[in-house]
Amino acid sequence: MTKEQRVDEIDDYCLYLEQLTDLITKQAHQKYKIKIVGFSQGTATVSRWILKTKYKIETLILWGGRIAFDFNFSLYKQKHSETINYVVFGTEDEFYSQEDIQSYRKELSNFKAEWISYFGGHTINTKTLKLFVCLHCINTHRHHMLLLYP
């Protein structure tokens with residue numbers, strides 16, 4: 001993203017993600033539920049898109065990255081009050097020390113989220129991801145669509 005065209009580029013990728021979600025939901029089961037995973041820099045991407053989307057998001061997983069610095073928490077609470085939020089970091093993340101993560105946790109103290117950690121680095125840990133999918137399928141008995149935005 002360039003500094004000069006930042007706002008236009010944010011609008012462009014939010015529009016792209018909305019169109020992609022439109023396409024996917026047209027092919028989904030009529031009782032679909034949307035779960036979003038933003039990984040690394042994708043956490044900022046999805047946190048901006050989620051404020052603009054027309055879709056109801058069941059679950060938001062921010063994995064190994066920070067929410068957008070200009071995130072509007074009030075708008076998020078208004079639009080997505082029923083969304084289940086998770087923040088996930090590896091214990092050995094190369095980009096975020098445990099001190100960074102604790103500081104970030106304090107910054108997000110008003111953001112209702114469950115914090116998850118796993119033994120590993122700056123990756124999407126397959127076992128942890130499978131646990132998310134299994135837990136939600138068992139607990140809800142619904143049709144799910146997991147969208148991963150890197």
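Helices H1 and H2 are roughly perpendicular to each other, because angles of 65 to 115 degrees are counted in that class. Their axes, which are lines fitted to C-alpha atoms over the stretch in contact, with angles from 0 to 180 degrees between N-to-C directions, come within 9 Å and cross at roughly 75°. Contact, meaning heavy atoms within 4.5 Å, involves Ile 10, Tyr 13 and Leu 17 of H1, among others, and residues of H2 including Arg 48 and Trp 49.

Please note that this is a predicted model, in which local features need pLDDT of at least 70 and side-chain atom pairs count only at pLDDT 80 or more, while totals for chains, interfaces and linings use all residues. Residues are numbered from 1 along each chain as its sequence is written, and side-chain values use heavy atoms, without hydrogens and water.

Helices (H or I, at least four residues) and strands (E, at least two) are DSSP runs, numbered from the N terminus. H1 covers residues 6–27. Its buried residues, those under 20% relative accessible area with a 1.4 Å probe and protein chains only, include Ile 10, Cys 14, Leu 17 and Thr 21.

I turn now to the strands. Strand E1, residues 32–39, has six of its eight residues buried, so E1 is largely enclosed by the rest of the structure. Strands pair if DSSP finds at least two bridges between them. E1 and E2 run parallel, joined by six bridges, and Ile 36 stands opposite Leu 60 in E2. E2 also pairs with E3 in the parallel sense, over five bridges.

How values were computed. Expected span 1.5 Å × (residues − 1). Buried < 20%, exposed > 50% of the residue type's maximum accessible area, 1.4 Å probe, protein only. Parallel < 35°, antiparallel > 145°, perpendicular 65-115°, else oblique.
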